[in-house]
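I opened my notebook to look up a few side-chain contacts. Here is what I went through, entry by entry.

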Amino acid sequence: MANTVKRSLAEVQVLRQCGVRILALPASYRAFSVFNRPPPNYEGHVPLTTVERGALAVGSAVMSLINPRRGDLIAALGEATATPYFIYRLRNAMLSSPTGRRILRDRPRITSQTMSMTYLRTLPENSVGRSYAAWLDREGVSPDTRDQVKYIDDEECAYVMQRYRECHDFYHALTGLPVMVEGEVALKAFEFANTLLPMTGLSMFAVARLKKAERQRFWSTYLPWALSNGMKSEEVINVYWEEQLERDVDELRTELGIEKPPDLRETRKLMRDRRRAEKAAMEAKER
């Protein structure tokens with residue numbers, strides 16, 4: 001009995017010594033688990049295990065499909081599915097461009113503090129900045145609504161995702177697509193063809209929420225436009241929007257190789273007017 005107690009005490013002492021040695025190792029050498037999480041790589045970073053990342057991807061995908069207005073869920077889905085390959089591909093696309101490299105070096109941010117709406121509204125009518133401000137005013141959105149990246153481990157890649165996220169409204173202004181499910185799905189299809197980020201492709205499943213006429217319009221008009229223009233145009237992540245504000249927006253579209261799609265709001269208005277006219281004619285006929 002005494003020998004057993006001595007052996008047990010010796011084993012405990014060895015385990016304690018091993019534990020001290022393991023804790024003394026750098027975080028990168030330790031096992032990564034929910035009980036032993038490595039330190040963050042940047043402010044706000046939340047390291048995830050492979051299992052946690054998979055659960056986040058599945059959960060956010062399902063919930064964002066149920067409620068596509070939950071921007072936080074769409075943001076989490078984008079980060080959970082961007083690694084390990086896709087965000088590095090986008091970062092490398094920036095590194096291969098002189099302008100992209102300057103953006104990575106300067107790290108500009110697009111917020112209401114860095115983008116003066118008062119100044120943008122004074123720019124010429126068809127300028128990039130005026131079009132951007134007019135689109136924000138028309139849709140009732142703000143550049144401050146973008147979530148901070150936190151689930152991407154590489155600090156530089158986290159900035160690339162943040163940059164993509166903050167430039168999203170410029171893509172809206174450039175294409176004229178409005179903030180409604182139909183417009184967002186069309187723009188996400190364009191972004192998928194241009195950036196290859198999985199979240200943009202997965203977002204197209206929201207087409208199932210559209211009405212029959214809207215689905216037909218997406219398949220026949222906006223999806224062909226999105227895929228064609230997204231694949232043939234320049235990488236939009238490499239546009240230094242802060243330096244393009246006073247430029248003519250049509251000139252920038254031509255340079256990027258992007259054709260403006262049919263005005264979705266005007267198309268929807270014409271269809272509503274036609275339905276009202278048909279209904280009125282039917283009622284008059286019945287009378």
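Which residue forms a salt bridge with Arg247? I found Glu251, with the closest N and O atoms 3.0 Å apart. A salt bridge here is a side-chain nitrogen of Lys or Arg within 4 Å of a carboxyl oxygen of Asp or Glu. Glu251 is partly exposed, with a relative accessible area of 44%; buried means under 20%, exposed over 50%, and partly exposed in between (1.4 Å probe, protein chains only).

A note to myself on the ground rules. This is a predicted model, where local features need pLDDT of at least 70 and side-chain atom pairs count only at pLDDT 80 or more, while totals for chains, interfaces and linings use all residues. Residues are numbered from 1 along each chain as its sequence is written, and side-chain values use heavy atoms, with hydrogens and water left out.

**Salt bridges**

I searched the whole structure and got 21 salt bridges. One of them joins the side chains of Glu79 and Arg165, at 2.9 Å from N to O. Glu79 sits in helix α3 (residues 71–82) and Arg165 in helix α8, 86 residues apart, so to speak a link between distant parts of the chain. I take helices as DSSP runs (H or I, at least four residues), numbered from the N terminus. Glu79 is buried at 2% relative accessible area, and Arg165 is buried at 8%.

I also looked up Arg107 and Glu155, whose side chains meet in a salt bridge of 2.9 Å, N to O. Arg107 lies in the loop between α5 (98–106) and α6 (117–120) and Glu155 in helix α8, so this pair ties together parts 48 residues apart in sequence. Arg107 is partly exposed at 29%, and Glu155 is partly exposed at 36%. Salt bridges with shared partners join Arg138, Glu139 and Arg265 into one network.

**Aromatic rings**

I counted 6 aromatic pairs, where rings of Phe, Tyr and Trp (its six-membered ring) pair if their centres lie within 6.5 Å; planes under 30 degrees apart are stacked, over 60 edge-to-face, and the rest tilted. Tyr132 and Phe170 have ring centres 3.9 Å apart and planes at 5°, so I noted them as stacked. Tyr132 is in helix α7 (residues 128–139) and Phe170 in helix α8 (residues 155–175), so the pair ties together parts 38 residues apart in sequence. Tyr132 is buried at 0% relative accessibility, and Phe170 is buried at 1%. Ring pairs link Tyr132, Phe170, Tyr171 and Trp241 into a cluster.

Notes:
Helix = DSSP H or I, 4+ residues; strand = E, 2+ residues; numbered from the N terminus.
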